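The sequence and structure come first, and the description follows.

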Amino acid sequence: MPQHSTIATETLDRVGIIRLNRPEKKNALTAQMYEALIAALQQAEADPQIRVLLIAGSDEVFSAGNDIVDFLANPPLDDQAPVMRLLALLTELRKPLVAAVCGPAVGIGTTLLLHCDLVACGERTTFAMPFVNLGLCAEGGSSLLLAQRVGSARANEWLLLGEPITAAQAATAGLVNVVLPNAEVFAHALDWAKRLASKPPRALQGTRALIRHASAAAARQAISSEGALFRELLQSEEAKEAFAAFVERRKPDFSRC
Ligand code: COA
């Protein structure tokens, strides 16, 4: 697997481990990091020594989502933008994807979990999908996959209000499989991954594909539709005000929008 300073990779007992590694910016994801993630996932999918993928942040933070500054400098222009290609790839993975999540998981830091098969999170983890609050819309297939995972009542609440979700709420709703002390999260997820890696791979991948079969094409369509509106909204006065407020560390004012 390729090495990259903000995306660290290693292989352990047939598990391909991908770590988000930009702690100074809370693992906010830039276009360059999306490219590195795509390369790491593609290489792991093609590597016969790897049977399971494990994605993690640090013990303090999973990801603050899209890097807002980079997003303004390198906005996704079409379905070929790095973030869009990563999301499409997530819907096409054959190998199981396990996640270890500690600390904040914001925006795509939460929506990418909808593409994971097993998710362990820390007691202090908070999730949030604040797209509307940023003048944007649901992404990552969340307009479809979130309601499938946690029910439409919670999906409405989480996507429209965009407020933080506690680890306990996420577990009750079924967004995550287990909540543990932060220090135990990575080891637990790695143990899952190793157990999966010891199973017959065709049976494992086949069962995974069957579970996902009914929603895979619809998820790709949702990602594409979301992307089109997301790009449009990115140019809006609402998003400009929300992003300026983030950079200036103030509350946004949407009264003139
Ligand atoms: N894009 C760009 N920079 C980000 C970022 C993001 N999404 N999230 C955090 N950062 C930067 C901060 O600007 C800060 O940079 P600085 O030290 O140069 O000032 C640094 O990361 C640390 O962030 P800070 O907010 O001080 O950390 P925190 O522990 O208090 O809070 C979060 C962590 C994740 C809760 C908070 O940073 C946050 O809410 N980030 C924005 C999340 C978001 O809206 N994402 C977009 C979703 S589409």
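## Strand pairing and helix packing

In the hairpin of strand 1 and strand 2, where two residues lie between the strands, Asp13 has a positive phi near 50°. The model is predicted, so local features need pLDDT of at least 70 and side-chain atom pairs count only at pLDDT 80 or more, while totals for chains, interfaces and linings use all residues. Residues are numbered from 1 along each chain as its sequence is written, and side-chain values use heavy atoms, with hydrogens and water left out. Helices (H or I, at least four residues) and strands (E, at least two) are DSSP runs numbered from the N terminus.

Strand 1 (residues 7-12) and strand 2 run antiparallel and are joined by six bridges. Thr9 has Ile18 of strand 2 as its bridge partner, and Leu12 stands opposite Val15 in strand 2. Strand 2 also runs parallel to strand 3 (residues 52-56), with five bridges between them; here the bridge partner of Ile17 is Leu54 in strand 3. Two strands count as paired if DSSP finds at least two bridges between them.

| Strands | Direction | Bridges |
|---|---|---|
| strand 1 and strand 2 | antiparallel | six bridges |
| strand 2 and strand 3 | parallel | five bridges |
| strand 7 and strand 8 | antiparallel | two bridges |

Five of the six residues of strand 2 (residues 15-20) are buried, so this strand is largely enclosed by the rest of the structure. Buried means under 20% relative accessible area, exposed over 50%, and partly exposed in between (1.4 Å probe, protein chains only). Strand 2, helix 1 (residues 31-46) and strand 3 make a right-handed β-α-β unit; right-handed means that, with the strands pointing away from the viewer, the path from the first strand over the helix to the second runs clockwise.

An open sheet of six strands has the order 1-2-3-4-6-9 and mixed pairing. Strand 1 and strand 9 (178-180) stand at its edges with a single partner strand each, so one side of each is left without a neighbour in the sheet. Helix 8 (residues 182-197) packs on this sheet, touching strand 1, strand 2, strand 3, strand 4 (97-101), strand 6 (118-122) and strand 9. Contact means heavy atoms within 4.5 Å.

Another open sheet has three strands in the order 5-7-8, again with mixed pairing. Strand 5 (104-106) and strand 8 (165-166) are at the edges, each with a single partner strand, so one side of each lacks a neighbour in the sheet. In the pair of strand 7 (residues 126-128) and strand 8, Phe127 stands opposite Ile165 of strand 8.

The axes of helix 3 (residues 82-92) and helix 9 (residues 201-234) come within 10 Å and cross at roughly 165°. Axes are lines fitted to C-alpha atoms, for helices over the stretch in contact, and angles run from 0 to 180 degrees between N-to-C directions. Helix 3 and helix 9 are therefore roughly antiparallel to each other. Angles under 35 degrees count as roughly parallel, over 145 as roughly antiparallel, 65 to 115 as roughly perpendicular and the rest as oblique. Residues of helix 3 in this contact include Met84 and Leu87, and those of helix 9 include Ala219 and Ile223.

Helix 5 (residues 142-150) packs against helix 9 at an angle of about 135°, with the axes 8 Å apart. That makes helix 5 oblique to helix 9.

The buried residues of helix 10 (residues 237-247) are Ala239, Glu241, Ala242, Phe243 and Ala245, and they pack against helix 2 (68-73) and helix 9. Arg249, with a positive phi near 55°, follows helix 10.
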